Amino acid sequence: MNAIEVQGLHKRYGDTVAVDDVGFDVDEGEIMGILGSNGAGKTTTVEMIAGVRRPDRGTANVLGLNPTADTAALRQILGMQLQESHLHASLTVTELVRLYASFYPDPADVPRLIESVGLSEKSKTRFEKLSGGQQQRLSIALALVGKPRVVILDELTTGLDPQARRRIWALVEELKTEGVTIVLVSHLMEEVERLCDRVTLIDAGTVVATTTPSGLIARAALAQNVTFRVSGTFDRAVFAGVAGIDDVEVDDETVTVTGEGDLLQTVGSTLVSAGVVVTETRLHQPTLDDAFVALTGRRLDENSEEAA
């Protein structure tokens, strides 16, 4: 069953189309990653799903609720963490979480929630005294305080150190085991590959693909390669006619073999049969980042034009 259904979402700012007929579904209990370069329309899309922005046309449905017409009801089942939080500077962590908890009939346990995001030692610290990473963790706690059934996390671990990042990842994985549906906007490929069941790739306001992380890599149809070093001259004819080998490049004593299938096994067995002794063998397989560049023609940190 779909927890989120998005059809034909469109948003224009002046002469700039930020979101152009975006559509995808998210299953209940699924973690859907939203990928795209800066300005691709990711944040505008999730803000329309959350009812923060009104689409020019198109529809979004969250557990049967229309974000525009059912805003109050949606707030009770959906939590959202934005890239930047502007909270009362003089309130402490505990005071802010308790304030937000008061908005819900059955909120999460406040001390336990603060501990889960690693802020117990800062519970009496005012918001203005928190570091950027600590403010980020607080915003995650505020998104979860109402025990939401759906959570939107926009750049979840931006500004967090590696230890804090892994702690938050574990929290997200725990939410998934509890059946919470999560939409995760992220630039961090390691985060997407670890957490997401599927990803929706958005480029210049349009959906390029919705599939699994491995499916996105497969869709890019990128070759893998094996690089090794030899002592002396190497005869590329060693690989002539070998199935799964597409290309062989020789640069002095470094050889790069491009192909498909179980390339490392193919290269290794061929070299053994030919009696070739090699060193420093390395396998490079296409990554999610490689697939992103291949499918969009740009890197994640590259800006595109969007007025928001």
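The exercises below walk through one predicted model, each with a solution in steps.

Residues are numbered from 1 along each chain as its sequence is written. Because the model is predicted, local features need pLDDT of at least 70 and side-chain atom pairs count only at pLDDT 80 or more, while totals for chains, interfaces and linings use all residues, and side-chain values use heavy atoms, with hydrogens and water left out.

**Exercise 1. The overall picture**

Task: State how many helices and strands the chain has, what its C-alpha trace spans and what percentage of its residues count as buried.

Solution: Begin with the elements, where helices (H or I, at least four residues) and strands (E, at least two) are DSSP runs numbered from the N terminus. The chain has ten helices and 13 strands. Next, the C-alpha trace spans about 75 × 45 × 35 Å along its principal axes. Finally, 46% of the 308 residues count as buried, where buried means under 20% relative accessible area, exposed over 50%, and partly exposed in between (1.4 Å probe, protein chains only).

**Exercise 2. Salt bridges**

Task: Find how many salt bridges the whole structure holds, and describe the pairs of Arg57 with Asp21, Asp106 with Lys147 and Glu128 with Arg126.

Solution: Start from the general idea that side chains of opposite charge can pair when their charged atoms come close. The criterion used here is a side-chain nitrogen of Lys or Arg within 4 Å of a carboxyl oxygen of Asp or Glu. A search of the whole structure finds eleven such salt bridges.

For the pair of Arg57 and Asp21, the N to O distance is 3.4 Å. This pair links distant parts of the chain, since Arg57 belongs to strand E4 (residues 57-62) and Asp21 to strand E2 (residues 16-27), 36 residues apart. Arg57 counts as partly exposed because its relative accessibility is 43%, and Asp21 is likewise partly exposed, with a relative accessible area of 41%.

For the pair of Asp106 and Lys147, the side chains meet at 3.4 Å, N to O. Asp106 lies in the loop between helix H3 (93-101) and helix H4 (110-116), and Lys147 in the loop between helix H5 (132-144) and E6, so the pair ties together parts that are 41 residues apart in sequence. Asp106 is partly exposed because its relative accessible area is 48%, and Lys147 is partly exposed at 45%.

For the pair of Glu128 and Arg126, the closest N and O atoms are 3.4 Å apart. Glu128 counts as partly exposed at 43% relative accessibility, and Arg126 counts as partly exposed at 35%.

**Exercise 3. A buried charge**

Task: Say which side chain of opposite charge is nearest to the buried Asp154, and which side chain makes a polar contact with Asp154.

Solution: First place the residue, which is found in strand E6 (residues 150-154). Here Lys and Arg count as positive and Asp and Glu as negative, while His and the chain ends are not counted. The side chain of Asp154 does make a polar contact with the side chain of Thr43, at 2.9 Å. A polar contact is a pair of N or O atoms within 3.5 Å; within protein, one must be able to donate a hydrogen and the other to accept it, and residues adjacent in sequence count only if both atoms are side-chain atoms.

**Exercise 4. A residue in a helix**

Task: Decide why Thr296 counts as buried or exposed, and which backbone oxygen its side chain reaches.

Solution: Thr296 has its place in helix H10 (residues 288-296). Thr296 counts as buried because its relative accessibility is 12%. The side chain of Thr296 reaches the backbone oxygen of Phe292 at 2.8 Å.

**Exercise 5. Positive phi values**

Task: Give the phi of Ala204 and of Ala221, and locate each residue.

Solution: Take Ala204 to begin with, whose phi is near 50°, a positive value in a residue other than glycine. Ala204 lies in the loop between strand E8 (198-203) and strand E9 (206-211), and counts as partly exposed because its relative accessibility is 47%. Then take Ala221, whose phi is also positive and near 50°. Ala221 sits in the loop between helix H8 (213-220) and strand E10 (224-230), and counts as exposed at 65% relative accessibility.
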